[in-house]
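Open the model in your viewer and show the cartoon.

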Amino acid sequence: LLFTFSERSTERVVALASAVSFFNAFLGSCFYGLAPVQKVLEWQFGYIYLPALFLTTFGAIPAIKLGVHLLYRVNSLLLKKAFALLLFLVSIKLFL
(Lines give C-alpha, C1' and ligand atoms only; values in the text may rest on other atoms or scores of the structure.)
Protein backbone atom coordinates (compact mmCIF):
# COMPACT_ATOMS: atom_id res chain seq x y z
CA LEU A 1 0.00 0.00 0.00
CA LEU A 2 2.80 2.38 0.80
CA PHE A 3 4.33 1.65 -2.60
CA THR A 4 1.09 2.27 -4.45
CA PHE A 5 -0.41 5.25 -2.64
CA SER A 6 2.48 7.23 -1.20
CA GLU A 7 4.47 10.07 -2.69
CA ARG A 8 7.72 8.60 -1.41
CA SER A 9 10.46 7.53 -3.79
CA THR A 10 10.55 3.93 -4.89
CA GLU A 11 13.96 3.40 -3.29
CA ARG A 12 12.73 4.54 0.15
CA VAL A 13 9.62 2.35 -0.01
CA VAL A 14 11.66 -0.71 -1.01
CA ALA A 15 14.18 -0.02 1.76
CA LEU A 16 11.41 0.22 4.35
CA ALA A 17 9.72 -2.93 3.09
CA SER A 18 13.03 -4.80 3.17
CA ALA A 19 13.75 -3.74 6.74
CA VAL A 20 10.28 -4.74 7.94
CA SER A 21 10.46 -8.07 6.06
CA PHE A 22 13.87 -8.87 7.53
CA PHE A 23 12.66 -8.13 11.07
CA ASN A 24 9.55 -10.27 10.52
CA ALA A 25 11.50 -13.19 9.06
CA PHE A 26 14.16 -13.02 11.78
CA LEU A 27 11.66 -13.11 14.62
CA GLY A 28 9.64 -15.85 12.93
CA SER A 29 12.78 -17.95 12.48
CA CYS A 30 13.75 -17.46 16.11
CA PHE A 31 10.36 -18.63 17.34
CA TYR A 32 10.25 -21.58 14.93
CA GLY A 33 13.78 -22.54 15.91
CA LEU A 34 12.99 -22.45 19.62
CA ALA A 35 9.71 -24.37 19.31
CA PRO A 36 9.73 -27.68 21.20
CA VAL A 37 9.19 -30.36 18.55
CA GLN A 38 10.11 -33.99 18.15
CA LYS A 39 13.35 -34.26 16.20
CA VAL A 40 12.64 -36.03 12.92
CA LEU A 41 15.64 -35.14 10.76
CA GLU A 42 19.34 -34.66 11.30
CA TRP A 43 20.31 -30.97 11.18
CA GLN A 44 16.90 -29.93 12.46
CA PHE A 45 16.59 -26.97 14.84
CA GLY A 46 13.00 -26.70 16.04
CA TYR A 47 10.88 -26.59 12.89
CA ILE A 48 13.84 -25.33 10.82
CA TYR A 49 15.84 -27.67 8.59
CA LEU A 50 19.27 -26.04 8.56
CA PRO A 51 20.52 -27.13 5.08
CA ALA A 52 17.37 -25.67 3.50
CA LEU A 53 17.86 -22.47 5.50
CA PHE A 54 21.43 -22.07 4.26
CA LEU A 55 20.56 -22.87 0.63
CA THR A 56 17.68 -20.40 0.67
CA THR A 57 19.80 -17.71 2.29
CA PHE A 58 22.70 -18.07 -0.13
CA GLY A 59 20.35 -18.37 -3.10
CA ALA A 60 18.64 -15.11 -2.16
CA ILE A 61 21.84 -13.05 -2.41
CA PRO A 62 21.96 -13.02 -6.25
CA ALA A 63 18.21 -12.34 -6.35
CA ILE A 64 18.68 -9.31 -4.08
CA LYS A 65 21.39 -7.93 -6.36
CA LEU A 66 19.17 -8.46 -9.40
CA GLY A 67 16.22 -6.76 -7.68
CA VAL A 68 18.27 -3.72 -6.73
CA HIS A 69 19.67 -3.53 -10.27
CA LEU A 70 16.15 -3.63 -11.73
CA LEU A 71 14.93 -1.05 -9.22
CA TYR A 72 17.39 1.52 -10.53
CA ARG A 73 16.92 0.61 -14.21
CA VAL A 74 13.14 0.33 -14.54
CA ASN A 75 10.74 3.28 -14.47
CA SER A 76 8.92 3.58 -11.12
CA LEU A 77 5.51 3.93 -12.82
CA LEU A 78 6.10 0.60 -14.57
CA LEU A 79 7.05 -0.99 -11.24
CA LYS A 80 3.88 0.35 -9.62
CA LYS A 81 1.72 -1.02 -12.43
CA ALA A 82 3.45 -4.40 -12.30
CA PHE A 83 2.98 -4.56 -8.53
CA ALA A 84 -0.70 -3.63 -8.86
CA LEU A 85 -1.12 -6.40 -11.45
CA LEU A 86 0.61 -8.87 -9.15
CA LEU A 87 -1.71 -7.94 -6.27
CA PHE A 88 -4.73 -8.30 -8.54
CA LEU A 89 -3.65 -11.76 -9.73
CA VAL A 90 -2.95 -12.91 -6.18
CA SER A 91 -6.38 -11.71 -5.05
CA ILE A 92 -8.04 -13.62 -7.90
CA LYS A 93 -6.09 -16.73 -6.92
CA LEU A 94 -7.18 -16.37 -3.29
CA PHE A 95 -10.86 -16.06 -4.18
CA LEU A 96 -10.93 -18.99 -6.64
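The tour goes from the whole chain to single residues.

This is a predicted model: local features need pLDDT of at least 70, side-chain atom pairs count only at pLDDT 80 or more, and totals for chains, interfaces and linings use all residues. Residues are numbered from 1 along each chain as its sequence is written, and side-chain values use heavy atoms, with hydrogens and water left out.

**Whole chain.** Select everything. The chain has 4 helices and 2 strands, in the order α-α-β-β-α-α from the N terminus. Helices (H or I, at least four residues) and strands (E, at least two) are DSSP runs, numbered from the N terminus. The radius of gyration is 17 Å, well over the 12 Å of the globule rule for 96 residues, so the chain is more spread out than a compact globule. That radius is taken over C-alpha atoms; the rule is 2.2 Å times the number of residues to the power 0.38. The C-alpha trace spans about 50 × 35 × 20 Å along its principal axes.

**Burial.** Colour by accessibility. Of the 96 residues, 10% count as buried. Buried means under 20% relative accessible area, exposed over 50%, partly exposed in between (1.4 Å probe, protein chains only).

**Helix α2.** Select residues 10-34. Find F26 there. F26 counts as partly exposed because its relative accessibility is 47%.

**Helix α3.** Now select residues 50-73. The 24 residues should span 34 Å at 1.5 Å a residue, and the end C-alpha atoms are 35 Å apart, which agrees. The expected span is 1.5 Å times one less than the number of residues. Stop at I61: a kink of about 25° lies there, shortly before the proline P62. The bend is the angle between axes fitted to the seven residues ending at a residue and the seven starting there.
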